[in-house]
Amino acid sequence: QEKSWRSNCVWLLVCLVGTAIAFVNAILKIQAASLITIAQVFNAILLPLVALLVVYIAGKKHLLGSFSSSKLLTVAGLISSSITLVLSGVALTRISRQAFSAI
């Protein structure tokens, strides 16, 4: 019963946010494609942040014991996640300039 209530609250929040985005789109006259692109770039920023957290936790011997990652794998994960994070930030800057220059 409680799970159903939580699920309904999440769906209500998703619907409200979607409606709010539609109103902001109409009021500010921002193209929907620009909003979708910005959302994708934000997702591209979240992915490396979550990956950094996973790499950090995977390298902790006191948490995972013999299943923890080696130092080499931890460094490789940190480097690849950091590069992805920087590239996403650059893309977000470019896209946001294009999206908001039309306003």
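A crossing of two helices is left-handed if the near helix is turned anticlockwise from the far one by less than a right angle, and right-handed if clockwise. This is a predicted model, where local features need pLDDT of at least 70. Residues are numbered from 1 along each chain.

**View 1. Helices α2 and α4 pack against each other.** Helix α2 spans residues 32–58 and helix α4 residues 71–101; helices are DSSP runs (H or I, at least four residues). Their axes, lines fitted to C-alpha atoms over the stretch in contact, lie 9 Å apart at an angle of about 160°. That makes α2 roughly antiparallel to α4 (angles over 145 degrees count as such). Their crossing is left-handed.

**View 2. A nonpolar surface patch.** Here L53, Y56, I57, L63, L64 and F67 make a patch of about 650 Å². Helix α2 gives the most, with 3 residues, while L64 sits in helix α3.

Notes. This is a predicted model: local features need pLDDT of at least 70, side-chain atom pairs count only at pLDDT 80 or more; totals for chains, interfaces and linings use all residues. Side-chain values use heavy atoms; hydrogens and water are left out. Axes are lines fitted to C-alpha atoms, for helices over the stretch in contact, and angles run from 0 to 180 degrees between N-to-C directions. Helices (H or I, at least four residues) and strands (E, at least two) are DSSP runs, numbered from the N terminus. Angles under 35 degrees count as roughly parallel, over 145 as roughly antiparallel, 65 to 115 as roughly perpendicular and the rest as oblique. Patches are made of residues with over 30% relative accessible area and no salt bridge: like charges are joined within 9 Å, nonpolar side chains (Val, Leu, Ile, Met, Phe, Trp, Tyr) within 5 Å. Accessible areas come from the Shrake-Rupley method with a 1.4 Å probe; for residues, only the protein chains shown count as cover. A salt bridge is a side-chain nitrogen of Lys or Arg within 4 Å of a carboxyl oxygen of Asp or Glu.
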